[in-house]
Amino acid sequence: MCQLLGMNCNVPTDIVFSFTGFAHRGGHTDEHKDGWGIAFFEGAGVRLFVDHQSAVASPVAELIKRYPIKSKNVIAHIRKATQGHVALENCHPFVRELWGRYWVFAHNGDLKNFAPTLDGAFRPVGNTDSERAFCYLLQQLRRHFGDSPPTLPSLKTAISELTREIAAHGVFNMMLSDGSALFAHCSTRLHYIVRQYPFTQANLSDEDLSVDFSEVTTPNDRVAVIVTEPLTTNETWQPFGCGELKLFVDGAPVSDAQQQG
């Protein structure tokens, strides 16, 4: 199946180190070679880069490894096609507008017999189950909340209900962000780590590369990285529970108690 990578931070941060290791899984250290993509939020805008070539062969991926775009929310995806042919329109992440802001989505999994009625503004361009699920999710959120964006706790509750409904059709590991927060749902495998002061050195598992984060951060920085499989060999990654939806804000997971408080 595909591979997911997300980053949520309290200050704009570049993802070069994590993406370098992640991209190697797109045809070098793993078999995911049917396209890739990455989206960066910058203010109200989104920079989206996608390519139907494998991440290890793509010149666009080489650009990302050398271009330190700073963002508070990033979602990346490496594709191993299960539904939909290998083509640019089927590469994740997908982007749509809802409530006057962009939403970015990527999915790892395979949904069987998932053919919801899409009769609103959200329609798939490609032919993947992933884009279909994204359109359905946004359509149902719009129907539930109307024209006014909900509070974050209400939004998490609604997304949790929708992910359970969609996941009943198969594997639904996904990431979703509107630039202010990042939602991550696990059906089978997801891991996360929060990097904060005191920062230490990290060593990539997919390439002979390490970085001392204490040299490139301030004591106030905090970064959450969410990924299908851990990217480093010397850090403790926390696994998601199967069926768990987590909300990340300002570089840390938000508990239900924090939301209610």
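1. Helices (H or I, at least four residues) and strands (E, at least two) are DSSP runs, numbered from the N terminus. On this basis the chain holds 5 helices and 15 strands. The model is predicted: local features need pLDDT of at least 70, side-chain atom pairs count only at pLDDT 80 or more, and totals for chains, interfaces and linings use all residues. Residues are numbered from 1 along each chain as its sequence is written, and side-chain values use heavy atoms, with hydrogens and water left out.

2. An open sheet of 7 strands runs in the order β3-β2-β4-β1-β12-β9-β13, with antiparallel pairing; two strands pair if DSSP finds at least two bridges between them. Because β3 (45-51) and β13 (238-239) each have a single partner strand, they stand at the edges, and one side of each lacks a neighbour in the sheet.

3. Within this sheet, β9 (residues 191-196) and β12 (residues 222-227) are antiparallel and joined by 6 bridges. Gln196 has Arg222 of β12 as its bridge partner.

4. Of the 261 residues in the chain, 52% are buried (under 20% relative accessible area; exposed is over 50%, partly exposed in between; 1.4 Å probe, protein chains only).

5. How many disulfides are there? With a disulfide taken as a pair of cysteine sulfur atoms within 2.5 Å, the count is 0. The sulfur of Cys242 lies 5.2 Å from the closest cysteine sulfur, that of Cys186, which is too far for a bond. Cys186 is buried at a relative accessible area of 0%, whereas Cys242 is exposed at 62% relative accessibility.
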